[in-house]
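Morning, everyone. Please take a look at the structure on the screen. I'll walk through a few parts of it.

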Amino acid sequence: MQTRALSKEPSSPRGFAHGPSSSGHAIPTRRATRRRDRRLAFALPAAALLLALAIWPLVQLGVMSLHDVTAATLNNDWAFVGLDNFAAVLDEPELASVVANTLTFVLVVTALGMLGGYVAAVSMSSSTRGGSFLLGMMVFVWALPPVVNGSIWKFLLADKGLLNAAFQAVGGSTSIGFLYDRHLALWSVALVNAWAVVPFNALILRASLLSVDPQVLEAAQIDGAGPWQRIRYVLTPSVRPAATVLTVLTVVYAFRSFDFIYVMTAGGPGTSSTTLPYLAYVHAFVELDYGRGAATALMALVVVLALALVYARDVRRNEEG
């Protein structure tokens, strides 16, 4: 007996029409379109908030940098001056020292912040009581507001603070001007800022260390690798992708740092601890020259944006890897 083959059309994916379009792609149904519109509706408030709190202030900052905006003309029409504000900033005699201060500050905070974070992460990777106590202290330090943190360190480093009292107790004749010596002020603030960024770096690197298979460490120990060999050849390569991204984040954090300088030294003595972000604050809110302050802030923003692009590229490369 001859049988007839029954042809059956392939079922179409859920959310798409049965017939393909002329281009060969499935036609989305009303349900898929409604789902996409719902996702768009949920994203609109976040996009509006980002536009209001981030994009629009940047646009306003760019407009102010091209106009003569002072305390007298802030509520009136702004006179267009083009690139005069940028030229005035570049002609400032202290700009070279401010840029040097910024680079030194970023280098110290990044190097000590990453090194201290890695050492603390290795110390906290064990489940001992000491590691748990150190983890709690890291979270506590990280949770402190920068203004409170800076005020505490300003008290400790003051002329009659705890550190100077301890120095004189062991035989020091005079106090050390941590915050008012032009050669020490920048280094003091940078060290405090590095100390403040260590907890965040330690928590991120600790998460990477905990992802290492314990059997790998056990095999390395069986093969005769000591603690330093295990750290160098097993743990360090495992945190390298996270450390690369974290380094860029630390550089961005150090470059835009303002609060510790404001609280501890106010950019002094003179301009010995002034960085580009603090110089923008001085122009805008001390000298009340908002146009020049906006130009200085934009010059600092260009560097931050370049570092942000490096960060985004590293994240995408790590995700693809």
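**Helix packing, a buried threonine, and confidence**

Let's start with a pair of helices in this predicted model. Helix α3 covers residues 95-124, and helix α9 covers residues 227-255. They pack at an angle of about 145°, and their axes lie 9 Å apart. Their crossing is right-handed.

Which residues of α3 and α9 make the contact? From α3 come Thr102, Phe105, Val106, Val109, Thr110, Met114, Tyr118 and Val122. From α9 the list includes Ile231, Leu235, Val239, Leu246, Val251 and Phe255. Sort the contact of α3 with α9 by class, and you get 14 nonpolar residues, 5 polar and no charged.

Helix α8 is residues 214-222. The axes of α8 and α9 come within 11 Å and cross at roughly 145°. This crossing is right-handed. On the α8 side we have Val216, Leu217, Ala220 and Gln221. They meet Arg230, Val234 and Leu235 of α9. In this contact of α8 with α9, 5 residues are nonpolar, 1 is polar and 1 is charged. Keep an eye on Leu235: this residue is in the α9 list for α3, and it is in the α9 list for α8.

Next, one residue. Find Thr296, in helix α12, residues 290-320. Is Thr296 buried or exposed? Buried means under 20% relative accessible area. Thr296 has 0% relative accessibility, so it counts as buried. What does its side chain reach? The side chain of Thr296 comes to 2.9 Å from the backbone oxygen of Arg292. Beyond its neighbours within four places in sequence, Thr296 is in contact with Val89, Leu276, Leu279, Ala280 and His283.

Some of those names take us to helix α11, residues 276-286. How many of its 11 residues are buried? The count is 8, and α11 is mostly covered. Among the buried ones are Leu276, Leu279, Ala280 and His283, and each of these four is in contact with Thr296. Pro277, Tyr278, Val282 and Ala284 are buried too. Just after α11, look at Leu288, which takes a positive phi of about 60°.

Last, confidence. The mean pLDDT of the chain is 84. Of its residues, 89% reach 70 or more. Where does pLDDT stay under 50? That happens over residues 1-26. For this stretch, the model has 16 contacts beyond four places in sequence.

Methods: Residues are numbered from 1 along each chain as its sequence is written. This is a predicted model: local features need pLDDT of at least 70, side-chain atom pairs count only at pLDDT 80 or more; totals for chains, interfaces and linings use all residues. Side-chain values use heavy atoms; hydrogens and water are left out. Axes are lines fitted to C-alpha atoms, for helices over the stretch in contact, and angles run from 0 to 180 degrees between N-to-C directions. Helices (H or I, at least four residues) and strands (E, at least two) are DSSP runs, numbered from the N terminus. A crossing is left-handed if the near helix is turned anticlockwise from the far one by less than a right angle, and right-handed if clockwise. Contact means heavy atoms within 4.5 Å. Ala, Val, Leu, Ile, Met, Phe, Trp, Tyr, Cys and Pro count as nonpolar, Asp, Glu, Lys and Arg as charged, and the others, Gly among them, as polar. pLDDT is the predictor's confidence in each residue, from 0 to 100. Buried means under 20% relative accessible area, exposed over 50%, partly exposed in between (1.4 Å probe, protein chains only). A polar contact is a pair of N or O atoms within 3.5 Å; within protein, one must be able to donate a hydrogen and the other to accept it, and residues adjacent in sequence count only if both atoms are side-chain atoms.
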